[in-house]
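Welcome! Please have a look at the structure before reading on.

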Amino acid sequence: MFKNVLVRNIGKTFLLLSGIAVFSDACAQTSQPTNIKFKKHILSNEYVSEGVAVADVNKDGKPDVLTGTYWWEAPGWKKHEILPGEQFSIRTYGNSFLNFAMDVNQDGWVDYIRVGFPGKATHWYENPKNKSGHWKEHLIYESVGNESPMMVDVDGDGRADLLCNDPTSKKMLWIKSPVKKGDTHWTPYVISNDSLQSTHMFTHGLGFGDINGDGRKDVVVREGWWEAPPNRTQPNWTFHKADLGAECAQMYVLDLDGDGDNDVVSSSAHKYGIWWYEQVKEGNNISWKKHEIFMEFSQTHSLMLADINRDGKPDLITGKRFYAHNGGSDPGEEDPAVLYWFEYKPGKTPQWIPHLIDDNSGSGLNLVVQDINNDKRPDIIIGNKKGVFVFEQLK
C-alpha cells in the first residue's frame with residue numbers, strides 16, 4: 001500500500017495518494033503556465049519491460065496496458081499474465097525492450113508484439129479471446145536489430161509492418177505483416193545490403209517519413225536516408241548520405257519551420273540533448289542544420305510526437321531512460337528520472353516550451369500517447385526500469 005505523502009520539489013508540488021500523484025503545473029522552473037495537468041497511476045514498481053503497448057485486450061471497450069509478460073486490465077489495473085511472469089533487476093537487461101499491439105491474424109482480437117534484446121528474435125503473442133492460460137507465441141523474425149525498431153505502414157496497405165535491421169546478415173529490412181485473415185506469416189524485404197549503414201544490433205536512431213517530398217515515406221537513420229521506390233518490395237533502395245547527429249532515439253520527419261520541406265527531430269539516447277535538424281536546400285543539394293531544443297537531462301532514449309494540448313500541433317514527449325546501461329556508465333545516470341512534454345510553437349524559428357510531468361518515472365525505449373479513459377484527452381503510458389505508469393490527463 002502507498003502512504004499519503006505531500007512532496008515538494010523545485011517549482012512543483014504534488015500529492016501522492018494511494019499510488020496516485022496529482023501534479024500542479026507550477027511544474028519545473030523551465031516551464032511556462034499551462035492548464036495541462038496529469039494524474040499518475042502506478043501500475044507496478046517492478047522492472048518488467050522498457051516498452052509498453054495499449055489495446056483493448058478483453059473487448060470490454062476499455063484500453064488496457066501490455067508490457068513485458070503482463071497486461072493490466074482497465075480501469076482498476078488488475079494484473080494478468082501473458083507469459084509466465086518475469087521481473088528484472090535494474091542493474092541487468094531484461095528481454096522486453098519495446099512493445100506493440102495489433103490484430104496480427106485479423107480475428108477481431110488484438111495481439112501483442114514483444115521486441116526483445118537487440119539482435120534477438122521478435123515474437124507476437126496470440127490473444128486467447130478471454131480464455132484462461134498463457135498466450136501462444138509466434139515468431140516474427142529471428143534477429144531484430146536497432147534500438148528503436150518501429151511498427152509503421154511501409155507499403156501503404158493500411159497494415160503496420162516492422163522496420164528494423166538484421167545484424168546477423170547486416171541488412172536493413174522491413175518485415176511485412178500478414179495481410180489475409182488467418183495468415184500468420186511475416187515476409188522480410190531488404191532495403192539495403194550495405195553493411196556499413198546502421199546495421200549493427202545496437203544501432204541508435206530510426207525514422208520513417210518523406211524527406212524529398214515525392215509523396216513516399218523514406219527510411220531515415222543518423223547517417224542518411226534510403227529513398228523509397230514506387231515498389232517498396234524492391235531491394236537496395238537508393239541511399240543519400242547525411243549527418244543527422246549523434247546516437248539518438250526515434251526520429252520524426254515533418255516540416256517544423258514552415259518552409260515547405262521536411263525536417264528531422266530526435267533526442268540523445270545516452271547523453272544530453274533534444275534537437276531538430278533543419279533541411280536546407282540549395283538547388284539540388286540538401287544539407288542539414290542542427291538546432292537544440294533542450295539540454296537539461298540525459299538519456300532521452302524514447303521520443304513520441306503527439307498533440308498533448310489538442311491545439312492541432314505536434315508536441316514532443318520524452319523522459320529519462322532510467323539506468324539505461326545498468327548504472328554508472330552514462331552522464332547524469334543518477335539524476336531524477338524525469339518525464340516531460342514539450343509544447344510546440346511553430347514559426348520560422350520554432351519553439352518548444354518544456355513542461356515537467358513527473359520526476360520519478362522517466363521513460364524507456366518506447367512510450368504510448370493515447371486516450372486511455374475515453375475522455376478525448378491524450379494520456380501518457382510508460383514502461384521502464386522504474387515500473388509501469390499511466391499519466392492520466394485531467395479535465
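By class, how many nonpolar, polar and charged residues does the lining of the largest pocket have? The lining has 19 nonpolar, five polar and no charged residues, where Ala, Val, Leu, Ile, Met, Phe, Trp, Tyr, Cys and Pro count as nonpolar, Asp, Glu, Lys and Arg as charged, and the others, Gly among them, as polar.

This is a predicted model, in which local features need pLDDT of at least 70, side-chain atom pairs count only at pLDDT 80 or more, and totals for chains, interfaces and linings use all residues. Residues are numbered from 1 along each chain as its sequence is written, and side-chain values use heavy atoms, leaving out hydrogens and water.

**The largest pocket**
- Its volume is about 440 Å³, meaning the space filled by probe spheres set on grid points joined across faces, edges and corners.
- A pocket is an open set of points on a 1 Å grid over the protein atoms alone where a 1.4 Å probe fits, with protein on both sides within 12 Å along at least five of seven lines; lining residues have an atom within 4 Å of a point.
- Of the 24 lining residues, Phe100, Met151, Met304, Asn366 and Leu367 are the closest to the centre.
- β9 gives the most to this lining, with five residues; strands are DSSP runs (E, at least two residues), numbered from the N terminus.

**The nonpolar cores**
- The largest nonpolar core has 19 residues; a core is a set of buried (under 20% relative accessible area, 1.4 Å probe, protein chains only) Ala, Val, Leu, Ile, Met, Phe, Trp, Tyr and Cys residues joined through side-chain atoms within 4.5 Å.
- β9 also gives the most to this core, with three residues.
- A second, separate core of 18 residues includes Leu254, Ile274, Leu316 and Tyr340.

Definitions and conventions:
Helices (H or I, at least four residues) and strands (E, at least two) are DSSP runs, numbered from the N terminus. Buried means under 20% relative accessible area, exposed over 50%, partly exposed in between (1.4 Å probe, protein chains only).
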